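Please prepare a briefing on the structure shown below.

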Amino acid sequence: MVKLFDKDVFISLQDTFLTVYKVGNMSKMTALNKKFEQAVVFFDSIHDYQNQINALHYLGRTSLALSKPSEAYHSFVFADSLYQYHKIRDNKLKHSIDYYKVYSKVQHTKKLHFDETVAVYEKYKTKPRDEYVFALSEEYLARVYIDSAYYDKAIFNLQNAIQYFEKEGFNLSASIAYSVLGVAYDGKEDIENSLQAYKKSVAIGEQLKEPNYSVLASNSYNIGLMYQDRLGNAVKAIDYLHKAVDYDKASEAQQSYLVDDYTSLAAAYLAKYDFNNAKIYAELALSIAKEKLPDTEFYRKAIAYFTLSTVHADNNEVVEALDFAQKGYDLIIKNTPEKHRYVCNANLHLGNVHLKNKDTLNAITYFKKTAQIAKEIKRGVFEVQANKQLINLSREPQEVRTFFSRQDALFSEKFEDAFKYKMENELQKLSFYERNKDTFHSKLTYANLSKLIKKENFYAEIAIQLKAYEIAIFNNNSFTLKKEVQSFIKLVINSKNKYQNPSNKVFFSNQLKEPIAKVLQIVYYHFKKTNDKDYLQLAYQLIEVNKNTVLLEGLQYVSFKNVTGIPKEIFEKEEALQEKINNNYQYIHYYKNSSKANQDSIRKLFHKQLTYEKEYATFLLDVEEKYPNYANAKKLNVIQDYSNFVKNKIQDDEVVLLYFIDGTIWYRLLLSQKEVRLEQFKTGKEVLKKTLQLQENIKQRKTIASLSKELANMIAPKLEPNIKRITVIADDFLNIIPFEILQVKDQFLFEKVAVRYAGSVQLLNKQMEMMLSNTNTDWVGFAPQYVTAELPNNEREVEAVQEIIGGKAYVKTSASKENFIAESSQNGIIHLATHTELNQLNPMFNQMRFSNTTKNNSLTAAEVYNLKIPAHLAVLSSCNTGFGKLEKSEGLMSMSRSFTYAGVSSTVMSMWKVPDKETSEIMVYFYNNLTLGKPKDEALQLAKLEYLEKQQDEDLKHPYYWAGFIVAGNVEALPVAKSYWIYVVFSTLVLSLGIFFYVKKKRF
């Protein structure tokens, strides 16, 4: 024992302890703890009380380092009592005991003990002391000051502590102190100094022999949060937040820290328009928060609710968003005093969701509460965000100017480097000045915003908006204007091409309607002023640039695979990765709604999804580097002018109508061999109202005559007598009604012309090209049998069509999902007489139901997207196959859309819950017309006319029964194979003989 604990050995142990805080090898702390415990016993046995007290004090310090505050506190109390009892005189030792006794008491009791902490610090400011312990006490007192919002005092103490730590080489302590300094500067909303302090802490911490992962995690998280919330740099935020996750996992951190990491990652991905990752991280955060966090962690739970609410709100899922936001709000209001930053955050979130729900009055109330409380407690970050929304909602110019003055003061005082907030504020000013025709301030603000965006060049959506304002402000020179509009269109295309995931591309594209509309308005003005046809071309490109581009990319990719020399293995690998992603995504969806679901299993599926997404992203980067042509095949290209399309794809008796709707103002562009006509209207609100009324009257089977005429007068152009076909490229809410039912001069439009639909001119052009290389006209039909919700006529429908056109018919149990998948790539015409179910929350889970031969009998849209279906025609003879969630950029996210993406060049689909019997009749008439060589739109037109002609029941002549089916895409007549002609001739001969014998029999 003597050999173990003579004075030299004891001094060596103390030196080793201090070295730990210099180089960071904390793994030695457990062994040191045991050594000091033995030292206490040893020095007690030889009555060396001073060393016993010192050993007790080091035992307490090692216990604290091992997160044992109760044991530590009792060691310090015992050491202090012995010190006083034996009347020891050692100021350095006494200082250390006094400091650690209070510090361990705070950790043990979970109470602040502010007065005792300050008293110890003040006592030793002028007395002999342990300099290292005094620096530690300055660092700890700074934390106390931060909790009481005394940030300047905290910063002063921390700077003193850091100076000592760095001078003496206590790197671990310096890393921790810099971390606390970052928090103090953050409290002052001094972004630049806060960020520097956090980064300095990370830089020191990463060089330690054994990095303190909890400190590294905390700093990485705070840096990520700073980039996301203050600087608006989502890319850098995501990098640091992922580091925080890795460090927290390495340190086996509390679940609460992972909740913080995941909520912040969700917000950062959302800011980057990566909706998929945002939703996964938000779901992960809430799952952990609800199951793992105690009630005392109410704020973290609330933030998890708010984050998922924001994800739903940004995806226009307002009901779900309101539910989550209210739960988070209630948690905070229940547990927090009114004048608190938590309450600011709660009011801000609830205000944002009410605004998404178009509940302006409630939104204003919550934003005003946020701004008021934030101003009182000096939390500028919340006031800035609340003011931003109040500016958007205000209709009083003087009130807006007052808000701008307040925002400028806040930016000057606290947010000089908050580029995101400043850009958003300057963009609001630009909008305000332009609206109020204040050219001087518009140009000044534009210049300020241009400087800001050059500093941070990753804000695609702001860059697009800025370009739109530039065109609006500086539009006098015709030549320059045309070049700038072309530059704007290229910027939109390049920005969209950065998104590989189709869902994320849709999410981003939805944000672009407003700036495109702004530029289109300028172009229209100059067209009317000059009659320069160049402006017509630019208007066409602006209308096209954001229409159904995800579908277009899908078809480009399908075409490219047939002609490129890229190795087959590359395509196969990509398809396998996409299949893994989609399959796991479906597992998550179904498992979450299963009675057997548990949160741990769901979280595992989420993590698997993140792994697959990362794997796919890495694959795409690798392919882009090795095979640039492959990567470019899926990207949008600069839009060609309409001349070639008009010349080569539009017949003399045809017009194409393109619509673009932006609130009150909307446009119609007519393309025909005879003319190209661009018109602007300011009746958007009235058109919306009539459209919704017409849709509702159809579903309720009410009279539509008056509404139909009124809407036709608003949206349908006057047509030349020779026009026999209209191609409708609708926009926004015009996608929800069939134009066939518009009444012109007491006739439905379809009685005069055949009507077809397309997602865009580019998409239609691609669909027409695809059909040229495909001569397969084999038909396959499916009519499943259902236990509940029967379709009594679907089997008869499929068998009747088979009699007309030949091919294979799968009915009853043979109409399975497996058989459909096997046949989908082998036939030129596919007919599905099934049940369809819409999922308005997630269109990828729209589904068609097949026979119950296996547990999974549903074919989802997500699965169809991954199939290859090079068919001429898919007839989706089912309810709502042409309806779904309405997106600003892509239109209706319907089941039909997934078939187009898979390679089908034309689809027949339904706009509502079509009646079974009448559907079957119309389908038989439709196929009869196809066999006569009619184009698909004309075949459907004639089928509807035949239905009305033969229908005796006037009630069943209501458009509800016959107008639901429309045709989209390439409507050219089906190519006819030799075998098909043999079948038709033979069928016609048999049918003729049958009629002959039937007539003969009747006569005799």
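Which residue lies over the face of Y150? K153 does, at 5.3 Å from the ring centre; a charge sits over a ring if NZ of Lys or CZ of Arg is within 6 Å of the ring centre and within 35 degrees of the ring normal.

The model is predicted: local features need pLDDT of at least 70 and side-chain atom pairs count only at pLDDT 80 or more, whereas totals for chains, interfaces and linings use all residues. Residues are numbered from 1 along each chain as its sequence is written, and side-chain values use heavy atoms, with hydrogens and water left out.

**Aromatic rings**

- The structure holds 53 aromatic pairs; rings of Phe, Tyr and Trp (its six-membered ring) pair if their centres lie within 6.5 Å, and planes under 30 degrees apart count as stacked, over 60 as edge-to-face and the rest as tilted.
- Y99 and Y103 form a stacked pair, because their ring centres are 5.8 Å apart and their planes stand at 15°.
- Both Y99 and Y103 belong to helix 5 (residues 91-109), where four residues, about one turn of the helix, separate them; helices (H or I, at least four residues) and strands (E, at least two) are DSSP runs, numbered from the N terminus.
- Y99 is buried at a relative accessible area of 7%, and Y103 also counts as buried, at 19%; buried means under 20% relative accessible area, exposed over 50% and partly exposed in between (1.4 Å probe, protein chains only).
- Y103 also pairs with Y140: the ring centres are 4.8 Å apart and the planes at 85°, so this pair is edge-to-face.
- This second pair links distant parts of the chain, since Y103 is in helix 5 and Y140 in helix 7 (residues 131-147), 37 residues apart.
- Y140 is buried, with a relative accessible area of 7%.
- One aromatic cluster includes F10, F17, Y21, F36 and F170.
- K22 lies over the face of F170, at 5.0 Å from the ring centre.

**Nonpolar cores**

- The largest nonpolar core has 183 residues, and F488, L671, F820, I869 and F899 have the most contacts inside it; such a core is a set of buried Ala, Val, Leu, Ile, Met, Phe, Trp, Tyr and Cys residues joined through side-chain atoms within 4.5 Å.
- Leaving aside neighbours within four places in sequence, L671 is in contact (heavy atoms within 4.5 Å) with residues including Y540, Y642, E654 and V761.
- A second, separate core has 73 residues, among them I698, L930, Y947 and A968.

- Three strands make an open sheet in the order 11-12-13, with antiparallel pairing; two strands pair if DSSP finds at least two bridges between them.
- Strand 11 (835-837) and strand 13 (858-860) are the edge strands, each pairing on one side only.
- Strand 11 and strand 12 (residues 847-849) run antiparallel and are joined by three bridges.
- E837 stands opposite Q847 in strand 12.

**Backbone angles**

- Most residues other than glycine have a negative phi.
- K110 has a positive phi, near 65°, and is found in the loop between helix 5 and helix 6 (114-123).
- K110 is exposed, with a relative accessible area of 70%.
- K358 likewise has a positive phi, near 60°, and its place is in the loop between helix 17 (341-356) and helix 18 (360-377).
- K358 counts as exposed at 75% relative accessibility.
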